[in-house]
Amino acid sequence: MIGSIVTTVKGHLQGTMENDICVWRGVRYAKAPVEALRFRSPEPVDKWSGVIDAVDFGTIPPQPMDRAVRTGMAGNEKMDEDCLFLNIWSPRADDKKRPVMVWIPGGAYITGAGSLDMYNGHLLAKNGDVVVVSINYRLGALGYLDFTELAGDREIFETNLGLRDQVASLKWVKDNIEAFGGDPDNVTIFGESAGGNAVTTLLTVPSARGLFKQAIAESPAPTSVYGKGFARQFSERFLEILGIGKNEIHRLKTFPVQQIVAASYQLLRENSQAMPGSLSFGPVVDGDFLPDYPLDSIRSGKAKGIPLLIGTNRDEATLFEQMDPPLIPTNAAMIHKMFENTDPEAKERITNAYINYPEKKAVLGIGRDATFHIPSVWYAEAYSRFEKKTWMYRFDYKTAAMCISKLGATHGMEIPFAFQTFDSAFGKRITSFGSRSAALKVSHRMQGHWVNFAKHGNPNPPEGEIWPKYDETNHYTMIFDKKDYIEKDPDRMIRLAWEGVGIYK
């Protein structure tokens, strides 16, 4: 069924009405980042005449599809460099000014798209009476390698292009979302994995200030942000893989995108073994767009005033154990190498904090904590010093299917619960052994907290507090499970063992 025509700042869009929700797909928020705009900041779209159809998803960012398929990060979408699109679900395109929730997808900054069926915003918009937006942004070398120092004054390359895309999408939302029934002054950003890292990073990006009011970081890796010196080794190796000398870096502007994607994947594979626990692609501290390491910015109080909800999953690492490459440390050799590269003196102290190390459960616990949980704790501790509206969670719930698969409450497991997308491919998989009704109960509670947070900057229901704020004294954490409960300072001894450990910078 055809939906209403909406008028944006630059022109008219025609969406659809689906099961009583208005949907606009494939909405261009920035010009195609191709030709002269490859490796350059996103630019606003031009005005257009007539009405543009916003019925089908836009093309997804170029990415290695074999890896994307294996990790459940792709459907049948077409890939193209012209990929800066977003999608909108709204109860109505009226003047109600509903809270807006902008989803930043994950995928290690090399795979992913806002059009995945797991990110369908229909039920979140309908159940919560909110406007849901999902975005694409540039990935891999096209979005996250820093060539500025290698290029010198010969060619213009810019930093943090995927991050700049995210800011451009938020500016588009600020300028246009009121026409879709949303409130431009009440925007919540939320994302998972690399999308969660994007959230914890955007909180410290000066140009993003004022574009969102609340932030939800699901399984972020807040310390996976690197200095220019550390990041330079990735861009140098990338040129070697492509066979491009530093004096001919201009060739990157016209190099076939398929070869750029293939080289990105090779770089990812190499780095997974050479420097376990680090990412080949991610935000770079450039002193300008991203002035400092996000954790350092947070510790100096530069992001107060924005309520934060942050958390991780109990069994994050089990998914990565099945990946090739695994991306995070999933065996004792990788853990040894990670500490050798970062903080050799901390290895014995930390491994002793895990029962029966180096058995599998302990190894996966260290991989989980090194990448996701402990950096999230550091971030939440620092954030709560200056912003009292800080809440932390841990997702422990396991469906029967995830118990049988031994994945448990693995990385990304919470996503279909937040969106209530149990009809997605992943949603069907995790509820394949009769767990749907129980999963729905968990989803209703969790989604309710997310919606409350988007509406009021507080995950608690209006009738009273059941989820206390997080701080360095109590470390109160909401545990999502068959029955939700609050735990004070979970895994305290492990948290203490990680204090002051060195990280990749």
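Predicted model: local features only at pLDDT ≥ 70, side-chain atom pairs only at ≥ 80, totals over all residues.
Helices (H or I, at least four residues) and strands (E, at least two) are DSSP runs, numbered from the N terminus. Residues are numbered from 1 along each chain as its sequence is written, and side-chain values use heavy atoms, with hydrogens and water left out.

- G26 touches D56, F57, G58, F85, L86 and N87, not counting residues up to four places away in sequence. Contact means heavy atoms within 4.5 Å.
- G26 and I135 are 109 residues apart in sequence. In space, their C-alpha atoms are 9.3 Å apart.

**Q63 in a loop**

- Q63 sits in the loop between β4 (51–53) and α1 (65–70).
- Q63 is buried, with a relative accessible area of 1%. Buried means under 20% relative accessible area, exposed over 50%, partly exposed in between (1.4 Å probe, protein chains only).
- The Q63 side chain reaches the backbone oxygen of P61 at 2.9 Å.
- A polar atom of the Q63 side chain also lies 2.8 Å from the backbone nitrogen of G112.

**Helix α6 and its contact with α5**

- In helix α6 (residues 194–202), 9 of 9 residues are buried. Among them are N197, T200 and L202.
- The axes of helix α5 (residues 161–176) and α6 come within 11 Å and cross at roughly 75°. Axes are lines fitted to C-alpha atoms, for helices over the stretch in contact, and angles run from 0 to 180 degrees between N-to-C directions.
- α5 and α6 are therefore roughly perpendicular. Angles under 35 degrees count as roughly parallel, over 145 as roughly antiparallel, 65 to 115 as roughly perpendicular and the rest as oblique.
- L163, Q166, V167 and L170 of α5 meet A198, T201 and L202 of α6.
- This contact has 5 nonpolar, 2 polar and no charged residues. Ala, Val, Leu, Ile, Met, Phe, Trp, Tyr, Cys and Pro count as nonpolar, Asp, Glu, Lys and Arg as charged, and the others, Gly among them, as polar.

**Helices α7 and α8**

- The axes of α7 (residues 228–242) and α8 (residues 257–274) come within 9 Å and cross at roughly 125°.
- α7 and α8 are therefore oblique to each other.
- The contact includes F234 and R237 of α7, and Q259 and E270 of α8.
- By class, the contact of α7 with α8 has 7 nonpolar, 4 polar and 2 charged residues.

Conventions. Polar contact = N/O pair within 3.5 Å; in protein donor to acceptor, adjacent residues only side chain to side chain.
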